[in-house]
Amino acid sequence: MLTAEQGRPPLEPGWVLIDGNTIVGVGEGEPDGPADQVIDATGMLVTPGFVNAHTHLCMIYGRTLGADRDLLSWLSDWQVPLMRALEPRDYALSMELGAVENLKAGNTTICEVFFSPHYEREVDQLAARALDRSGLRSVLFRCSNDVTFFDGFVESRSEVVARTEKLIEAWPLDGRTRVGAGPLVPWGSSEASFRDAVELSATYGVQLHLHTAETPEYNDLVRENTGFSNVEMLAHVGALGPGVMLNHCVHLSERDIQLIAEAGSPVIHDPTSNMLLASGVAPLPKLREAGIPLGLACDGPACNNGQDMFETMKYAALLQKAVTRQPGVVVAEEVFRMATHGGARAIGLGDRLGQLRPGYLADLVLTDLRAPHLTPAHDPLVALVYSARAADVHTVLVDGRVVVRNRVLTTLDEERVVREAGDRARRARATL
Ligand SMILES: [Zn+2]
């Protein structure tokens, strides 16, 4: 068992005692006290659940479409037209399909960075309800732009505020399903709309989640509009701080890094999407050295093609080794902690989630090590990061509830979800 506490060695054999949704004991050897229910983890590696800290399940119908293109042409030529063809039912199905994939991969928490050209039909509410039904822990960030994005996706400033408030009020702040907000792309919103988001965050205590410095083109567009770099613009409108998650942060100046560090914003790293869309390589070691809290994410199923945090951990470490030619620059333990406690900290739950410790929420993953590609596993942490895959996940608990048992989802009918979502995605594509 790996607790994800810094420096704590594996517990062999380890045990976890859970009461309701909370971990009440963790140890090695014989467990403390009796239990009503026992889950035998023989041959498994027990870890905290992964926090997939940035995804777009709302784009899941676009998986495999428009591969091998840069970000803006991939969006304009393929993803945006498909998203326009969606109907309300498709939003519930997209969330369900994405939830099945994430839970079976051991991702117990996701940050869904939601956007849609159909907000007038309350698809954000539909999406939140579907995520909640799935048993995932999630933060649904309701995102849009008030000045420019693709046709049909722009809302007025007042619509953004009113509709975001309505969604926030529908979901408790401390529940398993929570709501956040934020402009979707940094070049698409007015300064006033950024300030609205900051005010919503302060009024309601919700987090913001912002695509930041993803590509040089994003930086150029922000500079054309405002005269600032992306991060300087955020500092200018007050949109930096511990409650503002910055996603990507690939193209940063030294000054940008300093501003992020001073404000305490967490940065989420998406190596697979950055590689697939040829966005670049985020300066992970510099961000770490500046003391910036770091989380890890797959990004959407359409800009990654999967939701596998094992692969994401491996790529995060390998990418930095390859570009710096230093094998120790980012190591297995660091990416494992980014994928668990780092993400939990980024969503403001660092004192309750992402480690196996008494008082923490009972979100656990049992990864089956009894497989040829995991034999031998002399070092369980290295096996987890460099050898294991999403398909090795055997059992998953969220909030103390078994949501995946022996690779089968207990909360939704996987076969129905895959069939219906696949059929409807093919039909939506046929209308393009
Ligand atoms: Zn994104």
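So, Tyr119: it's buried, at a relative accessible area of 4%, where buried means under 20%, exposed over 50% and partly exposed in between, with a 1.4 Å probe and protein chains only. Quick caveat: this is a predicted model, so local features need pLDDT of at least 70 and side-chain atom pairs count only at pLDDT 80 or more, while totals for chains, interfaces and linings use all residues. Numbering runs from 1 along each chain as its sequence is written, and side-chain values use heavy atoms, with hydrogens and water left out.

What sits over the ring of Tyr119? That's the charged end of Arg142, 3.6 Å from the ring centre; the criterion is NZ of Lys or CZ of Arg within 6 Å of the centre and within 35 degrees of the ring normal.

On to ring pairs. The whole structure has 9 aromatic pairs, meaning Phe, Tyr or Trp rings (the six-membered one for Trp) with centres within 6.5 Å; planes under 30 degrees apart are stacked, over 60 edge-to-face, and the rest tilted. Tyr119 makes a tilted one with Phe114, at 5.9 Å centre to centre and 55° between the planes. Phe114 is buried too, with 0% relative accessible area.

Another tilted pair is Phe115 with Phe153, at 6.1 Å and 45°. Phe115 is in the loop between β5 (107-114) and α3 (123-134), and Phe153 in the loop between β6 (137-144) and α4 (157-170), so the pair ties together parts 38 residues apart in sequence. Helices there are DSSP runs of H or I, at least four residues, and strands are E runs of at least two, numbered from the N terminus.

Now the metal. Which residues coordinate the zinc ion? His54, His56 and His211, each through NE2, at 2.0 to 2.1 Å. Donors are N, O and S atoms within 2.8 Å of the metal (3.2 Å for Na, K and Ca), and water isn't among the atoms, so sites may look incomplete. His54 in strand β4 (residues 50-55) and His211 in strand β8 (residues 208-212) are 157 residues apart. His54 is buried at 0%, and His211 is buried at 9%.

Last, cysteines. There are 0 disulfides, taking a disulfide as two cysteine sulfurs within 2.5 Å. For Cys111, the nearest cysteine sulfur is that of Cys143, 10 Å away. For Cys303 it's Cys58, at 9.8 Å, which is too far for a bond.
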